Amino acid sequence: MVVRIGHYYQVQSRAEISFKGGVFQAMVTEEGRDWAATLRAYRHPKVLVMLFFGFSAGLPLLLIFSTLSLWLREAYIDRSTVTYFSWAALGYSFKFIWAPLVDRLPLPLLTALLGRRRGWLLLAQLSVISAISWMAFTDPAENLHMMAFAAVLLGFSGATQDIVIDAYRIESAERELQALMASMYIAGYRVGMLVAGAGSLKLAVWFGAEGGYNYSAWQWTYLCMAAVMSIGLITTLLVSEPKVESGRPVLFHDAFDYLRFLLLFLLVVSVFAAVFFLSADRVAAAKADWAAALPQDSLLIGFGLEGGRLLLAVLLAGLAARLGVALGLVRAAVLRETYLEPVADFFRRYGRVALLVLALVGLYRVSDIVLGVISNVFYQDMGFSKDQIADITKTFGLVMTILGGFLGGMLTLRYGVMRILFVGALLSAGTNLLFLLLARSGADVSLLILVITADNLSAGLAGAAFVAYLSGLTHVAFTAFQYALFSSLMTLVPKLLGGYSGSLVDAFGYERFFLFTAVLGLPVLLLIYLASRYAAAE
């Protein structure tokens, strides 16, 4: 029997997996499971394509979230500023905002030549390559602001690529192939992260970045990363455009409709950016005043002011959207069907517990993400070399994460999503305490291996259970938008908090910081318990 779990399919009982005529089939037999046929199905071109797209998607993130932090630290940028750069990856948290635009808006020339999905993919990948090259030709020691703009462009472009690849995967093959394509995509994504993480550090050392700041070494490293992105670019040019699903609602009727929707989107984004960035000086001044008056509460007050700044920008952007509709810039039905209906569907299905579920989604990964922002800086401050960081935390850590994912998948299937979700959250918070021991011990390689083993195994286990949980939250009619919304919410609060990790370390030291990150995971356990009670009641 084939059982659907979110977007994934598990074959229960004894099953023979076969591939015939381009359709992956699961057939119950009494003879047993034909593993050779399963492996042959992985060789299907549509499945293999996702390996290369996954690689292309996994490459950009660490170039702004991890590797860049080491570059900036070597350029004598202070810890607080380094961790602020993690906010450049917030595009991955807000990608749901422009996901409908990518889904519906045709591109001049590119859509006609390549099709809707491949046209957007080519544009996104060219933007990623341009952003990485821009970073390569910018010395942060000389022009930190230009590096910040390039990092933001890379985050936006990488998030856009994720949106298109996800849509391409869903539309390019039958439902029965989706589990294989997703697993191949994840494998490619991990390899891309390995190249951007450990690979870039190895390249930086090879080009001469060991033993002091060497801008030229980092420049050539990032140029190599831009060149490696050509793997995704070539894949986009070689694959075929997926067939458009029949019965899709038509929200745009002519080119003028597209143009009006684009203008509204630009208006909303401009309002958000203007409010968020133009208020930076006022917020900074307010934080300085509060820090002078209440130094013991300065971090908490600073986070509250930054959160209020973000909330104000979101509210005014929403008002701009309503004004655009009131002025007839866009038909109300277009805005409702694009953004409001998927959200309304979620609240209709979950009712009073919807906010509880959203809180769980938004906070589940808070412990590991807040710690992860400053982890590379921590390893460097402890005295570990780039080679040790690359070999142990990146390469070996990647293997442990993959093993943890397999373990999490098996345990989730055996004991259920909520139980393993709880175990994963408990382990993710608990293993953060091991970093406290490492902070006391210094550059102890054996202890670092132990810490990375425990931390990455628990992260992989928790991640597998969490993906299964998120998949179960989506409705089949709104899968793409709702999953983008949940995955964006998943990283929003942790990344905002992560931007203050450098300030927290400066204020309290590494040991108290790691204790703080462990404590952050405790409310998540309560949320899982309450969500489990609701699931049991249903």
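This is a predicted model: local features need pLDDT of at least 70, side-chain atom pairs count only at pLDDT 80 or more; totals for chains, interfaces and linings use all residues.

Biologist: How many salt bridges does the structure hold?

Modeller: Side chains of opposite charge can pair when their charged atoms come close. In this structure the number of salt bridges is 7.

Biologist: How many residues apart are arginine 73 and aspartate 381, which form a salt bridge?

Modeller: The closest N and O atoms of arginine 73 and aspartate 381 are 3.9 Å apart, and a salt bridge requires a distance within 4 Å, so the pair qualifies. Arginine 73 lies in helix H3 and aspartate 381 in helix H17, and the pair links distant parts of the chain. Their separation is 308 residues.

Biologist: Which residues are linked with Lys202 in a network of salt bridges?

Modeller: Lysine 202 meets aspartate 391 in a salt bridge of 3.0 Å, N to O. Lysine 202 is in helix H9 and aspartate 391 in helix H18, so the pair ties together parts that are 189 residues apart in sequence. The network links Lys202 with Asp387 and Asp391.

Biologist: Is aspartate 345 buried or exposed?

Modeller: Aspartate 345 forms a salt bridge with arginine 349 (3.1 Å, N to O). Both belong to helix H15, and because they are 4 residues apart, about one helical turn separates them. Arginine 349 is partly exposed, at 30%. Aspartate 345 has a relative accessibility of 7%, which is under 20%, so aspartate 345 counts as buried.

Biologist: What is the area of the nonpolar surface patch that includes Leu426?

Modeller: Leucine 426, in helix H19, is partly exposed, with a relative accessible area of 45%. Together with Phe422, Val423 and Leu427, Leu426 makes a nonpolar surface patch of about 310 Å².

Technical notes
Residues are numbered from 1 along each chain as its sequence is written. Side-chain values use heavy atoms; hydrogens and water are left out. Patches are made of residues with over 30% relative accessible area and no salt bridge: like charges are joined within 9 Å, nonpolar side chains (Val, Leu, Ile, Met, Phe, Trp, Tyr) within 5 Å. Accessible areas come from the Shrake-Rupley method with a 1.4 Å probe; for residues, only the protein chains shown count as cover. A salt bridge is a side-chain nitrogen of Lys or Arg within 4 Å of a carboxyl oxygen of Asp or Glu. Helices (H or I, at least four residues) and strands (E, at least two) are DSSP runs, numbered from the N terminus. Buried means under 20% relative accessible area, exposed over 50%, partly exposed in between (1.4 Å probe, protein chains only).
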